[in-house]
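Please read the following numbered points alongside the sequence and the structure.

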Amino acid sequence: MPRLLDRTILPTFPENALSVTLLALACAAQPACSKKPSSDAVPALSSATPAPLAAEPKAAGPLKVAFAYVGPVGDAGWTYAHDKARKEAEAAFAGKVKTSFVENVPEAADAERVIRDMVEQGNTLIFGTTFGYMEPMLKVASDNPKVHFEHATGYKTAVNLRTYDSRTYEGAYLAGVVAGSMTKSKTLGVVGSIPIPEVIRNIDSFTLGAQSVSPDIKTKVVWVGKWFDPPKEGEAAQALLDQGADVLMQNTDSSAVLQTAEKAGKFAFGWDSDMSKFGPHAHLASAVINWAPYYKKGIQDALDGSWKTSQVWWGVKDGAIDLVAISDKVPAATKAKIDELKKGLKDGSFTIWKGPIKDQAGKEVLKADEKAEDKLLLGINFYVKGVEGKLPSGK
Amino acid sequence: MNELLLLLGSSIDSGTPLLLAALGLIINERSGVINLGAEGLMLIAAITGFATALATKNDALALLAGAGAAAVFAALLGLLVIWLNANQYATGLALSLFGSGFSAFVGIRYTQESLAVASHHGPYSHHYLVYVAVLLTLGLSWFLFRAKAGLVLRAVGESPEAAQALGYPVRLIRLAAVVTGGALVGLAGAYVSVVSTPLWVEGMIAGKGWIALALTTFATWRPARALLGAYLFGGVTMLQLNLQGRGVNLPVELLTALPYLATIFVLVLISKNPRWIAANMPTSLGKPFYPGA
């Protein structure tokens with residue numbers, strides 16, 4: 001924002017409103033001007049429990065754990081889920097752990113400052129909950145070898161930097177099974193955020209889930225280019241409904257897609273958190289992430305000194321992913337199938353990404369009974385058969 | 001054919017908040033005062049409207065409350081720039097920044113809330129505000145170019161000195177225009193959080209205020225052209241989303257930029273003809289007025 005101000009408050013103002021208007025347009029097109037929670041909101045330091053003024057002797061004090069969030073804790077989606085887990089973990093280690101968090105930390109240079117500040121304040125376990133903190137965390141981690149760092153959704157590790165992520169695609173697959181049993185038009189719609197492997201994997205898994213019910217189901221995809229822009233998410237959802245999709249899913253952060261389906265009398269899902277109250281009639285189920293088991297593990301590791309670097313990817317099996325609040329409209333047989341699938345994922349008897357799986361062009365990606373390795377899933381850059389449209393910036 | 005009609009319908013829905021805000025800004029700017037705070041006003045109205053709807057379960061009241069809140073803040077801008085002659089551009093920008101921060105602050109406790117969403121009666125039905133916006137466009141056209149009061153408003157925007165010499169209270173007329181304009185901008189903001197996507201999230205206006213400002217100029221301060229512009233912008237927005245759903249092989253980034261590109265393109269076309277602008281632009285727009293001088 002300061003940049004905009006500097007440019008605009010010049011001693012000589014444009015006489016012609018046109019130039020101002022152009023400036024306004026340029027501003028409208030630029031996410032930085034429109035106060036996105038992720039980009040330029042001022043980070044507010046807030047402590048969950050009031051910090052005592054005098055530092056207690058280190059040995060006697062509780063383990064200090066800090067969390068850096070990219071959005072506001074009230075976003076009803078991603079950051080909300082992290083904060084819920086933080087509270088749960090703190091309660092589980094009552095007295096032994098003290099947590100604090102900073103919300104709205106931009107994925108830029110500011111992140112490094114905030115994380116350094118957390119170290120300064122004596123935190124010895126620090127969680128960064130968005131992809132964009134990767135480089136800043138790597139930098140701060142190398143300067144502070146005694147502090148443990150945990151980075152969500154990243155892929156770079158260090159001796160004291162561990163990565164963790166959730167297999168959100170398992171939730172997407174389960175949602176797909178529900179969608180497959182509910183669609184009449186055999187056309188599903190997904191509102192996508194940004195075409196990165198995680199989102200593509202979710203679209204593919206959602207489609208595979210639906211096709212497990214009825215193989216001729218098609219999925220249409222509309223990208224909005226943002227994680228969080230409710231009016232646009234709603235419009236994208238409307239475009240999908242207009243084209244005949246009758247069950248929607250989204251990989252964006254707000255509940256706008258669900259609300260649009262509610263208005264139109266169609267169906268949709270909640271994502272990241274239980275969103276049933278945002279569209280009581282349209283809501284079929286919510287694919288949720290539960291970070292609490294992992295946060296408890298991280299804290300436990302740090303407490304008993306067994307903390308080691310690795311790349312953790314937890315799913316249904318570890319209690320990190322679930323499909324909850326399944327609507328009464330969903331047939332009992334489907335509900336039973338979901339339970340069965342969850343059980344299968346837990347005991348390892350069921351694998352989602354198991355061949356034969358073909359890509360959009362019909363090329364076989366996985367041969368019959370071949371299971372996908374995590375490496376393939378992590379870098380996935382193709383749509384499976386049944387997803388319509390060309391993958392943006394794809395090969 | 002059916003899909004084309006649906007596309008038209010959703011384009012109009014998408015363009016309505018822009019139209020309402022642009023109409024407000026036309027009233028505002030016709031009086032010679034530019035309000036760069038539109039984005040902030042819309043955000044303030046959005047959170048006010050949402051909070052009211054949540055408390056009263058009454059959409060009409062919520063829309064009015066949003067309009068009212070924006071009118072109050074617009075009046076504040078009016079006092080600063082009309083009486084104290086503060087720089088209109090700087091003050092407007094300040095209001096915009098204030099509005100985003102203030103609405104985010106007030107809205108913290110509303111982010112988990114949701115309104116009951118009313119179901120449409122059919123695919124072709126629209127919220128009544130969509131029709132109200134069209135009527136307002138016609139009404140404003142009539143007011144500006146057929147009514148005496150509209151002539152006075154334009155006179156104040158063209159030459160405040162002359163209007164004053166004729167005995168009109170320039171400052172009060174400008175304040176009235178700023179407050180009325182602010183209320184319409186607020187109505188647009190409340191429409192977004194109460195009708196389009198009935199929820200509150202920080203920064204949810206996502207640049208619509210800035211686009212409305214651009215539209216005002218693009219429409220050369222004429223209501224009917226603002227309507228065309230708003231529907232065009234809404235149409236291109238919906239069209240690009242539809243094209244994606246159809247699997248058209250164009251980069252998403254380009255498609256997302258399309259509404260802006262289209263608007264800039266038209267803007268450039270219009271500004272190529274200086275007479276169009278000159279004939280319609282309020283001459284004193286953005287300039288301070290000192291009644292004593």
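1. In this predicted model, strand 4 (residues 125-128) of chain A and strand 5 (residues 148-152) of chain A run parallel and are joined by four bridges. Within this pairing, Ile126(A) stands opposite Phe149(A) of strand 5. Strand 4, helix 5 (residues 134-143) and strand 5 of chain A together make a right-handed β-α-β unit.

2. Strand 4 of chain A also pairs with strand 2 of chain A: four bridges join the two, and they run parallel. Here Phe67(A) has Phe127(A) in strand 4 as its bridge partner.

3. Leu63(A) stands opposite Val97(A) in strand 3.

4. The next point concerns burial. In a regular strand, side chains alternate between the two faces of the sheet. In strand 4 of chain A, Leu125(A) and Phe127(A) point one way, while Ile126(A) and Gly128(A) point the other way, and all are buried. In strand 3 of chain A, Val97(A), Thr99(A), Phe101(A) and Glu103(A) lie on one side and Lys98(A), Ser100(A) and Val102(A) on the other; all of these are buried, and both faces are covered. Because seven of the seven residues of strand 3 (residues 97-103) are buried, this strand is largely enclosed by the rest of the structure.

5. Over all chains, the count of salt bridges comes to 16. One of them joins the side chains of Asp110(A) and Arg113(A), at 3.6 Å from N to O. These two residues are three apart in helix 4 (residues 109-120) of chain A, so about one helical turn separates them. Asp110(A) is partly exposed, because its relative accessibility is 30%; Arg113(A), at 48%, also counts as partly exposed.

6. Glu112(A) forms a salt bridge with Lys139(A), with the closest N and O atoms 3.1 Å apart. Because Glu112(A) lies in helix 4 of chain A and Lys139(A) in helix 5 of chain A, the pair ties together parts that are 27 residues apart in sequence. Glu112(A) counts as buried at 17% relative accessibility, whereas Lys139(A) is partly exposed at 48%.

7. Lys156(A) and Glu135(A) also form a salt bridge, their closest N and O atoms being 2.6 Å apart. This pair links distant parts of the chain, 21 residues apart: Lys156(A) is in the loop between strand 5 and strand 6 (161-166) of chain A, and Glu135(A) is in helix 5 of chain A. Finally, salt bridges with shared partners join Asp83(A), Arg86(A), Lys87(A) and Glu90(A) into one network.

Note on methods
Residues numbered from 1 in each chain as written. Chains lettered and ligands numbered in written order. Predicted model: local features only at pLDDT ≥ 70, side-chain atom pairs only at ≥ 80, totals over all residues. Heavy atoms only, no water. Buried < 20%, exposed > 50% of the residue type's maximum accessible area, 1.4 Å probe, protein only. Pairing = 2+ DSSP bridges. Right-handed = clockwise from strand over helix to strand, strands pointing away. Salt bridge = Lys/Arg side-chain N within 4 Å of Asp/Glu carboxyl O.
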